[in-house]
Amino acid sequence: GQLAGDLVPSAGTGAEQTVEPTVGAARRADVRALEADAAVARAEGSLARVTGRPDLGIWFGYQLDEGDAIALAGVSFTLPLWNPARGDRAVARAKQKRLEAERAATVTAASRQLVDAREAYAKAREAVAVFERDILARLADSETLLARSLETGQLAISDYLVARQQIL
């Protein structure tokens, strides 16, 4: 088969689609992983709050004492005065804040990378356009003139090859 066409991207390639940098950065896997870790830290904080609350319970019992049957019942509760889970809550809050700050920093860095990549892409496209517009036409003209010089005998083949290599 014969190849046809050129390598110039068409307007519909999606290369020029613009996505807000922070939106694009939020889609990254590392940012989503940090969000999941922050959710775990929030859950750990909730667990620590629940652990620090008193436990309530009702109990029933049955006991035989010298032939007498005694039914027992009661209410039990704990007072978390000695262990209200303050340390666990503080650890969970600190972890959550650290992960949220890390996520914000990662999104900022990723957004900057996206902006820089778009700028580099735009500059490269501009350089290709300048090359195609200004240089390719001159190269084609030079190649045509060299070929005519060779055909008319004004130029030896070795000089033609050297000149062509310099042009390219």
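## Threonine 106 in helix H3

Threonine 106 is buried, at a relative accessible area of 17%; buried here stands for under 20% relative accessible area, exposed for over 50%, and partly exposed for anything in between (1.4 Å probe, protein chains only). This threonine sits in helix H3. Helices (H or I, at least four residues) and strands (E, at least two) are DSSP runs, numbered from the N terminus. Leaving aside residues up to four places away in sequence, threonine 106 touches Asp30, Val31 and Leu34, where a contact means heavy atoms within 4.5 Å.

Before we go on, a word about what you are looking at: this is a predicted model, in which local features need pLDDT of at least 70 and side-chain atom pairs count only at pLDDT 80 or more, while totals for chains, interfaces and linings use all residues. Residues are numbered from 1 along each chain as its sequence is written, and side-chain values use heavy atoms, with hydrogens and water left out.

## Other residues along H3

Valine 107 is also part of H3, and valine 107 is buried, with a relative accessible area of 9%.

Alanine 94 belongs to H3 and is partly exposed, at 46% relative accessible area. Its C-alpha is 8.7 Å from the C-alpha of alanine 41, 53 residues away along the chain. From lysine 97 to alanine 38 the C-alpha distance is 8.0 Å, across 59 residues of chain.

## H2 against H3

Now for the helix pair itself. Helix H2 (residues 29-51) and helix H3 (residues 86-151) have axes that come within 8 Å and cross at roughly 165 degrees. Axes are lines fitted to C-alpha atoms, for helices over the stretch in contact, and angles run from 0 to 180 degrees between N-to-C directions. H2 and H3 are therefore roughly antiparallel, a label for angles over 145 degrees; under 35 is roughly parallel, 65 to 115 roughly perpendicular, and the rest oblique. Their crossing is left-handed, which is to say that the near helix is turned anticlockwise from the far one by less than a right angle (clockwise would be right-handed).

On the H2 side, the residues that meet H3 include Asp30, Val31, Leu34, Ala38 and Ala41. Their partners in H3 include Ala92, Leu99, Arg103, Thr106 and Val107. The residues of this H2 and H3 contact divide into 8 nonpolar, 3 polar and 12 charged. For this count, Ala, Val, Leu, Ile, Met, Phe, Trp, Tyr, Cys and Pro are nonpolar, Asp, Glu, Lys and Arg are charged, and the others, Gly among them, are polar.

## H3 against H4

H3 also packs with helix H4 (residues 157-167), at an angle of about 175 degrees and with axes 10 Å apart. That makes H3 and H4 roughly antiparallel. From H3 the contact draws on Leu139, Ser142, Glu143, Leu146, Ala147 and Leu150, and from H4 on Ile157, Tyr160, Ala163, Arg164 and Ile167. The residues of this contact divide into 8 nonpolar, 1 polar and 2 charged.

## The protein overall

Stepping back, the protein has 4 helices and 2 strands, arranged along the sequence as α-α-β-β-α-α. Of its 168 residues, 14% count as buried. Among contacts between residues at least 6 apart in sequence, 57% join residues at least 24 apart.

The protein exposes about 13,200 Å², with carbon and sulfur atoms supplying 58% of that area. Accessible areas come from the Shrake-Rupley method with a 1.4 Å probe, and for residues only the protein chains shown count as cover.
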